[in-house]
Amino acid sequence: MRLRHPPLLRGLLQTLALPLLLWLLLLGSQLNFAELFTPGTLATLGKFLADFFPPSHDAFFLKSLGEATITTVAVANLGMLLAFAIGAPLALLSSRVLLGDSPLLLAVLATPIRALLLLLRGVPELVWALLLVRVVGLGSPAALLALGLAYGGMLGKVYAEILESQPQAPLQALRHAGSGRIAALVYGLLPNALPELVSYTVYRWECAIRASAVMGLVGAGGLGQLMDTSVRMLNGGEVGAILLVFMVLVLLTEMVSWLVRKVLA
Amino acid sequence: MSLSVERASLKLGGKAILQDIDLQLAQGEQVALIGPSGAGKTSLLGLANSSHTPDSGRVTVLGQQPARLGARALKVLRSEIGSVYQVPPLPGRQRAIHAVGAGQLARQPLWRSLLDLWWPAQTAAIAACLRQVALPEVLYQRCGELSGGQRQRVGIARMLYQAPQLLLADEPVSALDPLQGRQMLQVLQDDARSRNATLLVSLHAVDLALELFPRVIGLRQGRVLFDLPTAEVTPALLQALYAGDETVAAPALDIPVFAGSSVSGPRC
Ligand SMILES: Nc1ncnc2c1ncn2[C@@H]1O[C@H](COP(=O)(O)OP(=O)(O)OP(=O)(O)O)[C@@H](O)[C@H]1O
Ligand SMILES: [Mg+2]
């Protein structure tokens, strides 16, 4: 029987830990806010921005802009598909939800798979892209694979966490009535976990659109690569047009994910 | 024997919860399990439905020892053990039709169970089970939108739909009014009787246990205090069973209520 409160000191430490951690992170990043706002930098910024208008809109540029946009969206979507194909099964195979409490299964399956997921998401997608560009060459396949691997690692970890954080009683009850693992998972956990799973997935999809554009900067195609070229040529109009398209894209994805969440809630 | 527990003991979290439990339930028997809060009723039902394994002694269910079965045989055995839980384990967002339909997961192939989520094949049978627990209107409602008593009855409907050989119900009517509680117990009894299945029900309502069940087991501090035909359960025995516990509806039975301090025995 437990009559004592959790020790006061521990509660206090837990409360103080987060602000302390944030402070350390800030120190570590050596951000100097004052330097961001000197007259010199502000003037450069102003000139840069002024060059963006009017955005370029000649037919030739628009055509490559359209192609790059399609590439970026396609890479993001296919990359998410690959990430899901990697993350969902690995999440199940690495969580107690499917494996139960058997120490053998946990040791043989869960531990190595968790390590694999850590490796996948531990390497940032940009770094994956840099590596893969060396392997599969310049272009969108490298970006697609990079997204799939890095985000597969994230989805795998977060899916497993979401499933394990649900109340397990419904699943256990079904298992104790003889139901198979997957059926018990689908009937016992998924109903409550689904909104969280979908919500996290569409959030990742939003990130994938952004990441897909960024990865162009390392030669993996799409809007990022176009942007890279335009910036190198100091073509402010083109950069403005690309940023505009990009903002519209982000706005659209946010609207789609808002819709998905609303339908599901 | 439908359920046979022999000198079984159970520890949970290093604490002895059940000690030297001995009881036999014949096929088709109907038994009530009573005892003060914390006596171990839920734990005993957990032994019976194989969610707990005894630390010593033996539990045999429908002729087999769950602790000795392989995964496949255990699943088959468990499909014949139905449980109604004290707190209905139903996901809040699940619709009642699927919550009840889950009673057959063990007996149908996975593809069927998955397809059922979009295209339920057994709507009529599931609706019939819900009608038995007087809830015909909630078929497509989410469990989280139901009242506590309604959820409890959906849990009962799931077990009816499962139609197992051994029915275990842990305080299945605790959230229902007395009239409806009696009706639900009778529904369970009728179902068990019609299939010659065995029924073991834990109850806080001693009056219902004495009124409806031919045999009553009294559990106190992890031990069987008595296991008798209802006619032989005397007020003195009930007094001893609940001694030190003044939260029970003892006055309804004309049992003098003891003050907590006058009778020894640690209380949780
Ligand atoms: N998982 C567990 N770990 C440790 N102790 C437990 C666990 N589950 C139950 N207990 C303890 O076992 C004892 C019996 O619990 P149990 O739930 O079987 O009682 P009960 O008779 O069903 O009570 P109630 O009438 O209140 O439902 C209690 O003292 C409880 O604290
Ligand atoms: Mg209990």
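Analyst: In this predicted model, about 1900 Å² is buried between chain A and chain B. Carbon and sulfur atoms give 65% of that area. Chain A brings 22 residues to the contact, and chain B brings 27. Salt bridges between chain A and chain B number 0. On chain A, the side that touches chain B draws at least two residues from each of H9, helix H10 (181-188) and helix H11 (190-215). By class, that side of chain A has 15 nonpolar, 6 polar and 1 charged residues.

Confidence comes next. Chain A has an average pLDDT of 86, and 93% of the residues reach at least 70. Helix H9 (residues 169-176) of chain A has the highest mean pLDDT among the elements of that chain, 95. The lowest mean, 66, belongs to helix H2 (residues 33-36) of chain A. H9 is also one of the helices that supply the side of chain A touching chain B.

Now the salt bridges. Over all chains the structure holds 15, with 0 between chain A and chain B.

Take Asp191(B) and Arg195(B). Their closest N and O atoms are 2.9 Å apart. Asp191(B) has a relative accessible area of 10%, so it counts as buried. Arg195(B) is partly exposed, because its relative accessible area is 23%. In chain A, Glu206(A), Arg210(A) and Glu254(A) form one network through salt bridges that share partners.

Arg232(A) pairs with Asp228(A), with 3.2 Å between the closest N and O atoms. Both residues sit in helix H12 (residues 222-232) of chain A. They are 4 residues apart, about one turn of the helix. Arg232(A) is at 65% relative accessibility, so it counts as exposed.

Asp20(B) and Arg7(B) form another salt bridge, 3.4 Å from N to O. This pair links distant parts of the chain, 13 residues apart. Asp20(B) lies in strand S2 (residues 15-25) of chain B, and Arg7(B) in strand S1 (residues 3-12) of chain B. Asp20(B) counts as partly exposed because its relative accessibility is 36%. Arg7(B), at a relative accessible area of 52%, is exposed.

Back to the contact, in brief.

How values were computed
Residues are numbered from 1 along each chain as its sequence is written. Chains are lettered from A and ligands numbered from 1 in the order in which they are written. This is a predicted model: local features need pLDDT of at least 70, side-chain atom pairs count only at pLDDT 80 or more; totals for chains, interfaces and linings use all residues. Side-chain values use heavy atoms; hydrogens and water are left out. pLDDT is the predictor's confidence in each residue, from 0 to 100. A salt bridge is a side-chain nitrogen of Lys or Arg within 4 Å of a carboxyl oxygen of Asp or Glu. Buried means under 20% relative accessible area, exposed over 50%, partly exposed in between (1.4 Å probe, protein chains only). Contact means heavy atoms within 4.5 Å. Buried area is the accessible area (1.4 Å probe) that two parts lose on being put together, summed over both. Ala, Val, Leu, Ile, Met, Phe, Trp, Tyr, Cys and Pro count as nonpolar, Asp, Glu, Lys and Arg as charged, and the others, Gly among them, as polar.
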